Amino acid sequence: MAEIKVSTYQRRATRKKKPLAAFLRRVGKSKTKGILKQAAEAEKAAWDEVACLNCANCCKKMTPTYTKKDINRIAKHFKMTYQEYFDKWLKFDTNKDIINKSTPCQFLGKSNKCTIYSIRPDDCAGFPHFARKDVRYQAQEKTYLNNLALCPATLVFVEKLQVIIEGK
Ligand code: SF4
Ligand code: SF4
């Protein structure tokens with residue numbers, strides 16, 4: 001598969017933001033049984049269309065949030081102390097979350113591969129959060145809405161979920 005054109009997805013996300021935001025609000029309040037099954041179907045459609053190795057936009061434009069456990073694990077891998085690792089690569093954001101100092105991520109390697117894949121931060125491993133907790137919870141937290149223009153897979157996931165649930 002060739003590199004995908006992230007800008008095409010971004011334009012579509014901007015154009016459809018309002019109706020998709022309204023749909024996600026309905027998902028957040030929905031009592032529909034079987035929503036996890038519907039989300040699994042939408043997730044499959046998203047990954048059928050978008051391959052992360054042809055994109056890597058999250059690693060290029062966003063930063064993971066690190067837990068202390070993440071930092072200890074990755075620092076150990078590089079034979080650094082927690083503080084050495086923090087000072088070299090990380091900072092606190094305005095919410096006091098620990099994030100990368102800069103983008104693209106320092107661990108993004110050739111061919112869009114993560115060079116610390118097996119020990120990457122939990123936040124990276126869970127992204128774009130299709131399977132974490134309940135899709136309703138992520139809709140309420142605006143996870144998908146916030147990532148709509150950044151993550152092509154999220155856009156396709158939300159579009160497909162709307163077709164599956166509402167038939168449009
Ligand atoms: S998770 Fe989303 S933004 Fe990240 S590489 Fe995959 S499709 Fe691209
Ligand atoms: S640690 Fe790996 S997966 Fe996470 S942002 Fe950096 S390159 Fe991407």
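**Figure 1. P104 and its cis peptide bond.** P104 lies in the loop that runs between β3 (98-100) and α7 (122-126), where helices (H or I, at least four residues) and strands (E, at least two) are DSSP runs numbered from the N terminus. The peptide bond leading from T103 to P104 is cis, with omega near -10°. Most residues other than glycine have a negative phi, and most peptide bonds are trans. This is a predicted model, in which local features need pLDDT of at least 70 and side-chain atom pairs count only at pLDDT 80 or more, whereas totals for chains, interfaces and linings use all residues. Residues are numbered from 1 along each chain as its sequence is written, while chains are lettered from A and ligands numbered from 1 in the order in which they are written.

Figure 2. A cis peptide bond, with omega near 5°, joins F127 to P128, and P128 is placed in the loop between α7 and α8 (135-140). Both F127 and P128 belong to the residues around ligand 1, which also include V50, C52, C55, C58 and C151; a residue is near a molecule if its C-beta atom, placed from the backbone, lies within 6 Å of it. At least two residues of this shell come from each of α4 (57-61) and α10 (152-166). By class, the shell around ligand 1 holds 10 nonpolar residues, 1 polar and no charged, where Ala, Val, Leu, Ile, Met, Phe, Trp, Tyr, Cys and Pro count as nonpolar, Asp, Glu, Lys and Arg as charged, and the others, Gly among them, as polar.

**Figure 3. The surroundings of ligand 2.** The residues that surround ligand 2 are C59, P64, C105, F107, L108, C114, I116, R120, P121 and C124. This shell divides into 9 nonpolar residues, no polar and 1 charged.

**Figure 4. K96 and S111, two residues with positive phi.** K96, in the loop between β2 (90-92) and β3, has a phi near 70°, a positive value in a residue other than glycine. S111, which is not a glycine either, has a positive phi of about 55°, and its place is in the loop between β3 and α7. K96 is exposed, because 6 other C-beta atoms lie within 10 Å, and S111 is exposed with 7 such atoms within 10 Å; a residue counts as buried with 20 or more other C-beta atoms within 10 Å of its own, exposed with 12 or fewer, and partly exposed in between, the C-beta atoms being placed from the backbone.
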